[in-house]
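Colleague: I have not looked at this one before. Can you walk me through it?
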Amino acid sequence: MTLTAPDPTTTASSVEVRPVGGRVGAVVSGVRLGGGLAPEEVRDVRAALLRHKVLFVRGQHHLDDIEHHAFAATLGVPTSPHPTVRGVGAAVLPIDSSHGKANAWHTDVTFVDRVPAISVLRSVTLPPYGGTTVWANTAAAYASLHPAVRAMADRLWAVHTNRYDYAADVDEQRIGGIDVAEETYREEFGSRLFEAEHPVVHVHPETGERSLLLGQFVKRLVGLSTRDSASVLEMLQREITRLENTARWSWEPGDVAIWDNRATQHYAVADYDDHHRVMHRITVAGTVPVSLDGTRSTQRVGDTSAYSS
């Protein structure tokens with residue numbers, strides 16, 4: 001891990017950081033998100049993000065899509081909304097419960113070679129109860145593996161695809177009646193096939209940490225039988241989602257969550273019945289993941305140039 005200590009000679013900011021757990025998550029206060037952040041505020045927010053993996057900021061009622069985008073741009077270059085799903089404008093992806101619920105553990109958009117570095121999620125419409133989101137620290141999960149399991153994981157590669165089981169299969173609960181909006185969204189999500197091959201363990205480009213790169217978009221592990229692939233994936237995912245590696249956030253109006261997509265997975269809990277939930281997400285472009293021996297991920301299927309620079 002190569003995180004550097006703050007330089008005491010640099011300009012101080014008003015950013016305050018309070019951890020919500022020992023392994024992941026922190027509440028940030030003393031900052032008004034937007035494009036007008038001072039350089040020292042951007043520095044301190046980014047340092048907190050690298051340390052805590054996900055940050056929660058309350059009371060950002062002033063944010064609209066324009067200022068949301070302007071803030072994301074202080075952290076890097078925003079991507080287009082999604083490789084296959086239409087968004088709002090050039091960068092905003094609406095996450096609307098009427099189109100489905102992201103209630104499966106995942107890292108955002110791992111079916112492209114340049115996995116997004118950072119995601120910034122803003123609450124727009126919240127249900128009267130439920131609708132929490134849980135994040136897991138995939139670097140802490142890797143560090144907690146048994147040395148023999150780590151040695152195995154270090155050598156493994158996985159194929160990630162947007163046509164994963166959750167998106168492709170028909171929901172058995174809808175037999176006798178199809179939710180047209182959800183079915184249309186699923187078809188759009190899988191309208192173009194993308195497949196990328198990533199190391200199961202990659203080196204974080206900023207911190208140097210080793211982190212597991214898995215989640216629901218994984219189709220299979222390269223070179224393993226279907227049965228062995230499923231067993232190994234289940235074992236690794238079980239370690240990622242151990243409660244000690246997670247933090248759960250209860251959303252309020254004006255909330256923003258910022259997470260390091262290279263060192264986390266997340267899960268949107270679908271416990272709000274038929275109430276409406278809408279969030280807006282902007283992602284910041286990342287680099288191609290690199291394995292422990294320096295081998296870079298590859299795009300097997302699909303052209304990702306329109307999504308991420």
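Modeller: Start with a rule for helix length: the expected span of a helix is 1.5 Å times one less than its number of residues. Also keep in mind that this is a predicted model.

Colleague: What does that rule give for α1, and how far apart are its end C-alpha atoms?
Modeller: α1 has 14 residues and should span 20 Å at 1.5 Å a residue. Its end C-alpha atoms are 20 Å apart, so the two values agree.

Colleague: Which residues of α1 are buried?
Modeller: The buried ones are E41, V42, V45, A48, L49, L50 and H52. The elements covering them include β1, β2, β3, α2, β5 and β13.

Colleague: Is K53 buried or exposed?
Modeller: Buried, because its relative accessible area is 2% and the cut-off for buried is under 20%.

Colleague: Where else is there a positive phi on a residue that is not a glycine?
Modeller: D273 is one of them, with a phi of about 55°. D273 lies in the loop between β14 (264-268) and β15.

Colleague: Now the sheet. What is the strand order?
Modeller: The order is β1-β2-β3-β13-β5-β15-β4, in an open sheet of seven strands with mixed pairing. β1 (16-19) and β4 (93-96) are the edge strands; each has a single partner strand, so one side of each has no neighbour in the sheet. From one strand to the next, the twist averages 25°.

Colleague: How do β5 and β15 run relative to each other, parallel or antiparallel?
Modeller: Antiparallel, with seven bridges joining β5 (residues 118-125) to β15 (residues 278-284). Within that pair, S123 of the sheet stands opposite M279 in β15.

Colleague: Which helices pack on the sheet?
Modeller: α1 (residues 39-52) does, touching β1, β2 (26-29), β3 (54-57), β5 and β13 (256-260). The direction of α1 makes about 130° with that of β3. α2 (residues 65-75) also packs on the sheet, where it touches β5, β13 and β15. Its direction makes about 30° with that of β15.

Colleague: How many residues are in the largest nonpolar core?
Modeller: It has 25, and those with the most contacts inside it are L33, L55, L75, I118, V120 and I258. Two or more residues come from each of β2, α1, β3, α2, β5, β13 and β15. α1 gives the most, with four residues.

Colleague: What does I118 touch?
Modeller: Leaving out residues up to four places away in sequence, I118 touches R46, L49, L75, I258, W259, N261, R262, I282, T283 and V284. Another core, of 21 residues, lies apart from the largest one; A141, A153, V200 and L233 are among its members.

Colleague: Different topic. Where is S297?
Modeller: In the loop between β15 and β16 (298-301). S297 counts as buried, at 7% relative accessibility.

Colleague: Which side chain makes a polar contact with that of S297?
Modeller: The side chain of H198, at 2.7 Å. Setting aside neighbours within four places in sequence, S297 is in contact with D113, W157, E197, H198, P199, V288 and P289.

Methods
Residues numbered from 1 in each chain as written. Predicted model: local features only at pLDDT ≥ 70, side-chain atom pairs only at ≥ 80, totals over all residues. Heavy atoms only, no water. Pairing = 2+ DSSP bridges. Axes fitted to C-alpha atoms, helices over the stretch in contact; angles between N-to-C directions. Contact = heavy atoms within 4.5 Å. Core = buried A, V, L, I, M, F, W, Y, C linked by side-chain atoms within 4.5 Å. Buried < 20%, exposed > 50% of the residue type's maximum accessible area, 1.4 Å probe, protein only. Polar contact = N/O pair within 3.5 Å; in protein donor to acceptor, adjacent residues only side chain to side chain.
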